[in-house]
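Trainee: Could you take me closely through one part of this model, the salt bridges and the residues that form them? I would like a connected account that keeps each pairing together with its surroundings.

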Amino acid sequence: MMHTDPQVSGRLRTSDPPSPQGSPATNMSSTSSVAQPDAFAYWEELISQTFVPLSAKPIKEKKFVGRIQHSTIDAIGFSDVRASSQAVRRTPGLIAQCDNEFLLASIQISGSGRVEQDDRTALLSPGEMAFYDSSRPYALQFDRPFAQLVIQIPRDALSIKETRQFTARTLGRGTPAAAVVPFLRSLSGTASTNTQAALMLAPQTLGLVEAVASFASGLKPPAGALEAAARQRVADFLRRNLADPDIDAESVAKACNVSRRTLYRIVGDQGIAYQLRRLRIERARQLLIAEPERPVGSIASACGFESESGFYRAFRAVTAVTPAEYRRDSGTSRQ
């Protein structure tokens, strides 16, 4: 049963993360805001209000700590959860307390986890993910301290209506999840610092999640899911290979297993060259700040520019300043 100590509940309401419905927002809640004897009661209410009604118990009788950073992006919840060992259950009685239904996906960041639903068990290591459905009983267990990113999507937003075939299956290397997990983690981080950028990327989330779910269930993904997955493959390939000055549309299409027609639809009218230049300049900005003593020519080469002069022209065209001016204005040059 959920704890309902009025002092704990009162403190929880003041810092409670928003439901995954409504306008974009980011909130942080932690057991550090309550006395240690109240910590787990607070935590049980916190996870119930962040996700769906849940029961929980600590696995080890030690000091319990837990923290959730919750963001909402276009009705999809992103929760970075870091806590001590525990067991969590979603029971028929708790299901009856909530009319809303969600598809959830846990992405393991550190430690290990277990997801049980529909007579299956998914064991999660860092980088792996598993789905579970709030409309049916499930159990989560963490035998040691852990960190997870939990994605929460309203069921009525999904084109896939039957979830029993893909819940509690471990999805990682060798599956579409290998490309989707980094995107979701990056989007979650972006939401806490740049709401507008996160909202621009949000439309891809449903398609990517449905692509992974379809793979896990053995079904053909919806058309939107296939294109979202292809878009992510292209974006990942370009980021991994932006230092290669010989990348062109043909090599990208071949590496990502898409036709050139699909590739041009994915990258837009401005084409591969424009997308590469944007990514290269973005990377150059990062290196100019992160490595203030590194020669500009070395950064140009590391970002795929064939000459320092070409890098200067491209950088100035995008930023309106030279690399040296950008580095100086960022306050990272040695005084």
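Mentor: A definition has to come first: a residue is called buried when its relative accessible area is under 20%, exposed when that area is over 50%, and partly exposed in between. With a relative accessible area of 42%, Arg164 therefore falls into the partly exposed class. Please keep in mind throughout that this is a predicted model.

Arg164 takes part in a salt bridge with Asp118, in which the N to O distance is 3.6 Å. This pair links distant parts of the chain, since Asp118 sits in the loop between S7 and S8, while Arg164, 46 residues apart from it, belongs to the loop between strand S11 (146-154) and helix H4 (177-191).

Asp118 has a further partner in Arg136, and in that salt bridge the closest N and O atoms are 2.8 Å apart. Asp118 lies between strand S7 (113-117) and strand S8 (120-124), whereas Arg136 is found in the loop between strand S9 (129-133) and strand S10 (138-142), so this pair ties together parts that are 18 residues apart in sequence. Arg136 has a relative accessible area of 9%, and is therefore classed as buried.

Over the whole structure, a search finds 10 salt bridges, and one of them joins Arg82 to Asp80, with the closest N and O atoms 2.7 Å apart. In this pair Arg82 is partly exposed, at a relative accessible area of 33%, while Asp80, at 15% relative accessibility, counts as buried.

A contrasting place to look is the surface patch of negative charge in which Asp244, Asp246, Asp248, Glu250 and Glu306 gather. Among these, Asp244 is located in the loop between helix H6 (223-241) and helix H7 (249-255), and its relative accessible area of 34% makes it partly exposed.

Ser309 counts as partly exposed at 40% relative accessibility, and its C-alpha atom is separated by 8.9 Å from that of Gly297, which is 12 residues apart from it along the chain.

Key:
Residues numbered from 1 in each chain as written. Predicted model: local features only at pLDDT ≥ 70, side-chain atom pairs only at ≥ 80, totals over all residues. Heavy atoms only, no water. Patch = residues over 30% accessible without salt bridge, like charges linked within 9 Å, V, L, I, M, F, W, Y side chains within 5 Å. Areas by Shrake-Rupley, 256 points an atom, 1.4 Å probe, with all protein chains shown as cover. Salt bridge = Lys/Arg side-chain N within 4 Å of Asp/Glu carboxyl O. Lys, Arg positive; Asp, Glu negative; His and termini not counted. Charge placed at Lys NZ, Arg CZ, Asp CG, Glu CD. Helix = DSSP H or I, 4+ residues; strand = E, 2+ residues; numbered from the N terminus. Buried < 20%, exposed > 50% of the residue type's maximum accessible area, 1.4 Å probe, protein only.
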